[in-house]
Structure formats: C-alpha cells, structure tokens
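The entries follow in the order I took them.

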Amino acid sequence: MSGAEVTGVSAFYTFPPAPAALIVDVFLREKGFSEAAIKSVEKYVDLPALENRGPPCKKMNPQGSIPWFVTSDGSVVAETIAMCEYIEDVQPKPALIGSSAVERGVTRMWQRRMEENFCSPATYAHRNYCHSEDCPSDHGMKDFYTKRFNAEQGSNLLYSHPGAWKDLAAWALHRLAWLEKVKQDEAQSRIGSTPSDFICGDSLTVVDVQVYVNVFYWDTFVPGQHFFKNLEGQIPWVEAWYSRMHSRPAFAAARASAGYKDFSDKSDMEPATKMPKTDG
C-alpha cells in the first residue's frame with residue numbers, strides 16, 4: 001500500500017518518541033501505510049510540556065494520554081490497542097489481529113496475557129522508579145510522572161511504597177521467563193519441534209508489536225529492568241524473537257522516525273538520562 005493517506009484517519013495526534021505512539025506507528029507501517037501517509041495525518045503534541053493534558057487535547061481525549069486518532073467521521077479513538085483494532089477493521093489486510101474469529105480470539109487472549117503481566121508492570125516500574133528515592137536527583141525524568149499520575153488525572157503512583165518499582169520490574173521479568181517456557185513447551189507439540197517465530201500463531205500480530213516496543217523501552221532505558229542481562233542464557237527463544245522483530249523494516253523505520261538510534265537490548269549501558277521524555 002503506497003497511498004498518500006491512512007484509511008479511516010483524518011488526524012493522528014502523537015508524540016513520536018512515546019512508547020504507545022511507537023506501537024501505533026509500527027502497526028500502521030506493518031499494515032503497509034507509507035511514511036508519507038502517516039506523516040500526512042500526524043499532529044504533533046508536545047508531551048513534555050503537558051500539552052496532551054491541557055484543555056484543547058482533553059476535550060478530544062479526556063484520558064490525556066498519547067496518541068489518539070480523529071477518524072474520517074470526526075470520532076476520537078484513543079488507547080493503542082483500540083487504535084490498532086480500528087485500523088484492522090478499516091484495513092483488514094494484512095491481518096495483524098486475525099482473519100477469523102478463532103485467530104482474533106487467540107490474538108486478543110495473548111494481548112491481554114502480555115499486557116497485564118508484562119507491559120503494564122514494566123511500564124509502571126519505570127514510572128514509579130522516576131519518583132522513587134532510587135532515582136538520582138539529576139536523572140532526566142526525576143518526578144516526571146507526578147504531574148501526570150495523580151488524583152486530578154484519575155490515577156496515582158505508589159507514593160507510599162517508593163521501592164515498589166523493584167517488585168513491578170520483577171513481575172515483568174517473570175513474565176518473560178514464563179513466555180520462554182510456554183514457547184519451549186509449544187515446540188514439543190509442533191512438527192519439527194520448534195516453536196513459532198511469533199508470540200501467537202505463525203505470523204506477526206499486534207501482540208508482537210506491543211511486546212517488542214515494551215521490551216525495547218524498558219530493557220534499554222530503566223535501571224533494574226535489564227531483561228536480557230538478568231535472564232542471560234535463560235530465554236533463547238525470546239532473545240531470538242526480539243532480534244527478528246528489531247530487524248523488521250517497519251520496526252526499524254518507526255524507530256528512526258521517532259528519532260532513536262538503532263538501539264538493541266545491548267544498549268542497556270546507555271545512560272538513563274538520555275531517555276526522551278515519554279508518557280502513557
């Protein structure tokens with residue numbers, strides 16, 4: 001698909017470096033939409049300056065999160081997976097959620113499994129770390145989330161347990177180890193005794209996109225979440241899967257468009273203060 005528009009979308013409000021924005025960008029590219037088409041509907045939102053939490057943006061998206069679509073009929077669709085589901089509905093091929101009820105059911109099952117037990121705890125490990133006593137005062141994101149996750153915004157951080165980020169990081173780590181075991185067990189039931197190259201099914205799905213982006217961010221940028229370092233030698237399938245995803249053209253193009261160097265998990269050693277300011 002090389003058209004100059006994104007089907008069903010009149011505006012894509014985004015801050016490209018943010019994790020959720022990158023998920024949607026990768027999904028659009030895997031659907032076949034060109035960079036020119038994506039850029040033609042992009043509306044830049046200054047997330048570090050809290051523009052997304054201001055009245056004009058919250059009139060469209062009361063959640064105050066990044067990103068969101070304005071559809072062709074003027075409706076607003078926010079939240080990354082809902083946005084991906086919307087694109088799947090208006091542009092069914094290639095199917096990244098499923099081409100049958102069974103495939104869609106399996107994809108949604110895995111999306112929930114990995115979001116609840118990996119993506120969410122990994123994300124909140126980062127957010128809580130940034131306001132914890134473990135985060136240095138000169139860290140680039142020190143207290144970044146205190147104005148974003150509070151009672152006024154309908155949310156909260158774990159202020160009464162400032163070290164809880166470590167438990168959240170451990171939770172995310174455990175899920176990757178669990179995923180490895182599931183994939184190794186899967187190999188025993190498949191012809192050839194090798195697991196699928198993807199998290200669920202035999203082709204790329206939104207699950208691979210969402211989990212990849214979360215591994216990319218929280219392994220690279222957050223002290224204490226060095227997944228591959230902490231699980232060295234224990235998760236060969238996950239490591240190989242990550243390398244496959246990292247090298248896919250759509251994933252690489254989305255990273256480049258967001259302004260990232262070509263990070264891999266080995267860039268854990270990059271100083272955390274180099275992380276761009278991001279928000280969910």
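**Entry 1: the cut-off for exposure**

Buried means under 20% relative accessible area, exposed means over 50%, and partly exposed lies in between. I also noted that this is a predicted model.

What does Arg112 meet in a salt bridge? I found the side chain of Glu115, at 3.8 Å from N to O. Both residues lie in helix 5. They are 3 residues apart, about one turn of the helix.

**Entry 2: charge pairs between elements**

I counted next. The structure holds 12 salt bridges. Side chains of opposite charge can pair when their charged atoms come close.

I picked out Glu85 and Arg108. Their side chains meet in a salt bridge of 2.9 Å, N to O. Glu85 sits in helix 4 (residues 80-90) and Arg108 in helix 5 (residues 101-130), so this pair ties together parts that are 23 residues apart in sequence. Arg108 has 39% relative accessibility and counts as partly exposed.

I then took Lys166 and Asp134. They form a salt bridge, with the closest N and O atoms 3.9 Å apart. Where do the two partners lie? Lys166 is in helix 6, and Asp134 is in the loop between helix 5 and helix 6. The pair therefore ties together parts that are 32 residues apart in sequence. Lys166 is partly exposed at 46% relative accessibility. Asp134 is partly exposed too, with a relative accessible area of 32%.

**Entry 3: helix 6 by itself**

I get 23 residues for helix 6. From its first C-alpha to its last it reaches 34 Å. That is close to the 33 Å expected at 1.5 Å a residue.

Which residues of helix 6 are buried? I listed Trp165, Leu168, Ala169, Ala172, Leu173 and Arg175 among them. The list also includes Leu176, Leu179, Glu180, Lys183, Glu186 and Ala187. I then asked what covers these buried residues of helix 6. The cover includes helix 5, helix 8 (227-230) and helix 9.

**Entry 4: helix 6 against helix 9**

I followed up one of those neighbours. Two packed helices are described by the angle between their axes and the distance between the axes. Helix 6 (residues 165-187) and helix 9 (residues 236-247) pack at about 95°, and their axes are 8 Å apart. Angles of 65 to 115 degrees count as roughly perpendicular. So helix 6 is roughly perpendicular to helix 9.

I wrote down who makes the contact. Helix 6 brings Leu176, Leu179, Glu180, Lys183 and Gln184. Helix 9 brings Pro236, Trp237 and Val238. How do the contact residues divide by type? I get 5 nonpolar, 1 polar and 2 charged.

**Entry 5: cis peptide bonds**

I turned to the backbone. A cis peptide bond joins Ile66 and Pro67, with omega about 0°. Pro67 lies in the loop between helix 3 and strand 3 (68-71). Another cis peptide bond joins Lys93 and Pro94, with omega about -5°. I placed Pro94 in the loop between helix 4 and helix 5.

**Entry 6: positive phi**

I noted positive phi in residues other than glycine. Leu50 has phi near 65°. Leu50 lies in the loop between strand 2 and helix 3. At 24% relative accessibility, Leu50 counts as partly exposed.

Glu79 has phi near 75°, again a positive value in a residue other than glycine. Glu79 lies in the loop between strand 4 (76-78) and helix 4. With a relative accessible area of 40%, Glu79 is partly exposed.

**Entry 7: Leu47**

Is Leu47 buried or exposed? Its relative accessible area is 0%, so Leu47 is buried. I located Leu47 in the loop between strand 2 (42-44) and helix 3 (55-60). I also checked Leu47 against Gly64. They are 17 residues apart along the chain, and their C-alpha atoms are separated by 9.8 Å.

Key. Residues are numbered from 1 along each chain as its sequence is written. This is a predicted model: local features need pLDDT of at least 70, side-chain atom pairs count only at pLDDT 80 or more; totals for chains, interfaces and linings use all residues. Side-chain values use heavy atoms; hydrogens and water are left out. Axes are lines fitted to C-alpha atoms, for helices over the stretch in contact, and angles run from 0 to 180 degrees between N-to-C directions. Helices (H or I, at least four residues) and strands (E, at least two) are DSSP runs, numbered from the N terminus. Angles under 35 degrees count as roughly parallel, over 145 as roughly antiparallel, 65 to 115 as roughly perpendicular and the rest as oblique. Contact means heavy atoms within 4.5 Å. Ala, Val, Leu, Ile, Met, Phe, Trp, Tyr, Cys and Pro count as nonpolar, Asp, Glu, Lys and Arg as charged, and the others, Gly among them, as polar. A salt bridge is a side-chain nitrogen of Lys or Arg within 4 Å of a carboxyl oxygen of Asp or Glu. Buried means under 20% relative accessible area, exposed over 50%, partly exposed in between (1.4 Å probe, protein chains only). The expected span of a helix is 1.5 Å times one less than its number of residues.
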